[in-house]
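Hello,

Here is the structure we talked about handing over. My notes follow below it.

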Amino acid sequence: MGETLYSGELQKWSNTVRGMTWRKFFIRLTNKEIRWHLADESDENVFLGEIEVSRIVNVKIDTKSPLSEPDFCMFIVQDPQATHEFRTASVEEAEVWVQHIKNSTLPKTRRKKLPDSTIRERVHSTTSNKSSVSVKSSTDKPAMVTEILGGTHIVRPSDSEVKQPEKATSPLLIVNSLPEPFSRPSVGSDSDLSEQLNSPIIREGYLIKQGQKIKNWRRRWFTLSNYVMTYREEEGTAPKGTILMTDVILARRSSRYPDKKFLFEVITKKRTYYMMASSQDEMVSWTEALSNILVPSLSPSLQQLHSDNSSISSS
């Protein structure tokens, strides 16, 4: 992951169990990518999607879109394959995001120093499920916190601006200290890896997989166990690659490539794998098998996301 340039909570037009709708995410802009995370996810390596900065061809505020609503300001980020819609509660905030994203596409030596630059931190409350974004300004103005309560944006002074005794600490503010959501067995020595590669097979068969560097599609023989997903050129040949279940975040139907039928994606901490089954039933079978391995050891928010996407895949 690259250097974080800007971050905060935004709503993104997304596919959910109820169909396409606006959904709140924590968005992190770096010099390499734009990533969106669950609003209560503290691990910056656990994300649901990303846009490579090098592939961005356009970013602008869009007031003419059918998705626009009076109480929000929408902006779009376009790459050669898709248009991504985001929205904020104000025009000013949308303009700041557009400026930062445009800046990220420039070489470091050509980036503009944006006025009134802000640094946003994730702030989690130990007494509620609220997630807020603390904004520290480079001016002398007090830092403000933007919260979304019942769909309404509320802006108030940050708790950190309230004067406290010198040794006092706030019991409510914990920055990026939520527990790691994964508790599945980790891979240790070579003998551990060998044992896990030879663990009982849950599912196997041919899938068509997209390559990592050259984005072509090739048929591969996949085997899935409780610990690892392995793919080969043909059944019985040496493995071409492995996907450790400890690295997997989500498995779901994908709409990334509309011309590819029965496409699903396996999202890991490092990359997203795109695979194509030969039928709807086969795609559902693979995603359900993966989810059955993942769900028991995930955080509640990711468990709910798996539940939502299982409903979508089978519909």
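E204 sits in strand β13 (residues 203-210); helices (H or I, at least four residues) and strands (E, at least two) are DSSP runs, numbered from the N terminus. This is a predicted model, in which local features need pLDDT of at least 70 and side-chain atom pairs count only at pLDDT 80 or more, while totals for chains, interfaces and linings use all residues. Residues are numbered from 1 along each chain as its sequence is written, and side-chain values use heavy atoms, with hydrogens and water left out.

The relative accessible area of E204 is 39%, so it counts as partly exposed (buried is under 20%, exposed over 50%, partly exposed in between; 1.4 Å probe, protein chains only). Leaving aside neighbours within four places in sequence, E204 is in contact with W221, F222, T223 and W286, where contact means heavy atoms within 4.5 Å. E235 is 31 residues away from E204 along the chain, and their C-alpha atoms are separated by 9.5 Å.

Strand β14 (residues 217-224) pairs with β15 in the antiparallel sense over four bridges; pairing requires at least two DSSP bridges between two strands. The two form a hairpin with three residues between them, and L224 has M229 as its bridge partner in β15. On to β16 (residues 239-244): five bridges join this strand to β15, again antiparallel, and Y231 is bridged to G241. Six residues separate β15 and β16 in their hairpin, and G236 in the turn has a positive phi of about 90 degrees.

β15 itself (residues 228-232) has five of its five residues buried. V228, T230 and R232 point one way, M229 and Y231 the other.

**Helix α3**

W286, one of the contacts of E204, is among the buried residues of α3. This helix (residues 280-294) has 15 residues and spans 21 Å from first C-alpha to last, close to the expected 21 Å, which is 1.5 Å times one less than the number of residues.

**Nonpolar cores**

A nonpolar core here is a set of buried Ala, Val, Leu, Ile, Met, Phe, Trp, Tyr and Cys residues joined through side-chain atoms within 4.5 Å. The largest has 25 residues, of which I27, I34, F75, V77, W97 and I101 touch the most other members. With four residues, α1 gives the most to this core. Apart from it lies another core of 21 residues, including L224, I243, F264 and A277.

Regards
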